[in-house]
Amino acid sequence: MANELPYASTEDRIATAQALIREEIAKHPRDLVLTNSFQAEDMVVLHIARQLVPDLPVVFLDTGYHFAEIYEYRDRLAREWKLNLINVLPEITVAEQESQFGILNQTDAGRCCGIRKVKPLFGALESYALWFTGLRREQAKSRASLREVDNFTLPSGKTIRKISPLTEWTAKDVWAYAGRHEIPLIDLYDKGYTSIGCEPCTSLPTDPNDPRSGRWGGQKQECGIHLQP
């Protein structure tokens, strides 16, 4: 649908995203899930989807390395919005990981992401058939070919339907929607962060034209959860 609106306005993009979410929920009313890092895009998708499915499962990857502000914001919104929040944990704690492997986020960030994000999420997704995300093409070069609707195959071989309704949205669209609907956003944005992951691997952006340039010291763009295994 996005390709039909190459010069779409914010209003067009909002209407298109709302329609896509409605259509997908109508086709697949069971086994739905939204992965939510509690960044602005995910909150927008959640705001739209929960109007149709109030108890939509919301999966948060609790790596143990998040900013204190993320945990506070997550808990506050879960309480105020009465979210069906599912905190997905890695198999080992931060202390156990650091005892066995050292500080992986400094020596092997890819392995750290694999242990604390990729493996736990792919395991959690086994229970679902329809997966909503807040991904946008504008976020990173690695997302330039992102599609609104995609079939995602998990390591087990199971395929789930992955929906990214904000694919064509700009940052302006996201902030416009959040402001219009009075969605409170995490105050880390006010401090200049444009993409927020685990605290040790997140800094202020180094490139004003690349929202994710503050992730992993610029060494990579993705943690792996949105890369086809």
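**Group meeting: core, cavity and pockets of a predicted model**

At 14% relative accessibility, Asp-62 counts as buried, where buried means under 20% relative accessible area, exposed over 50% and partly exposed in between, with a 1.4 Å probe and protein chains only. This is a predicted model, so to speak to its limits: local features need pLDDT of at least 70, side-chain atom pairs count only at pLDDT 80 or more, and totals for chains, interfaces and linings use all residues. Residues are numbered from 1 along each chain as its sequence is written, and side-chain values use heavy atoms, with hydrogens and water left out.

Back to Asp-62. It is found in the loop between β2 (57-61) and α3 (68-80); helices here are DSSP runs of H or I with at least four residues, strands are runs of E with at least two, and both are numbered from the N terminus. The Asp-62 side chain makes a polar contact with the side chain of Tyr-71, at 2.6 Å. A polar contact is a pair of N or O atoms within 3.5 Å; within protein, one must be able to donate a hydrogen and the other to accept it, and residues adjacent in sequence count only if both atoms are side-chain atoms. Leaving out residues up to four places away in sequence, Asp-62 touches Tyr-71, Arg-74, Val-88, Leu-89 and Pro-90, contact being heavy atoms within 4.5 Å.

Next, the cores. A nonpolar core is a set of buried Ala, Val, Leu, Ile, Met, Phe, Trp, Tyr and Cys residues joined through side-chain atoms within 4.5 Å. The largest has 41 residues, and those with the most contacts inside it are Met-43, Leu-46, Phe-132, Trp-169 and Ile-196. Two or more residues each come from α1 (10-27), β1 (32-35), α2 (40-49), β2, α3, β4 (130-132) and α7 (171-180). The largest share, seven residues, is from α2.

Which residues of α2 are buried? The helix is mostly covered, with 10 of its 10 residues buried; among them are Glu-41, Asp-42 and His-47. The cover over these buried residues includes α1, β1, β2, α3, β4 and α7.

Trp-169, not counting residues up to four places away in sequence, touches Arg-13, Ile-14, Ala-17, Val-44, Arg-136, Glu-138, Val-174 and Tyr-177.

On a 1 Å grid over the protein atoms alone, a cavity is a set of points where a 1.4 Å probe fits but cannot get out; a pocket is an open set with protein on both sides within 12 Å along at least five of seven lines; lining residues have an atom within 4 Å of a point. Points are joined across faces, edges and corners, and a volume is the space filled by probe spheres set on them.

Helix α6 (109-124) gives the most, five residues.

The largest pocket holds about 760 Å³. It is lined by 45 residues, with Gln-39, Gln-139, Arg-143, Ser-195 and Arg-212 nearest its centre. At least two lining residues each come from α2, β2, α6 and α7.

The second largest pocket has about 270 Å³ and 14 lining residues, Ser-142, Leu-146, Asp-150, Lys-162 and His-226 being nearest its centre.
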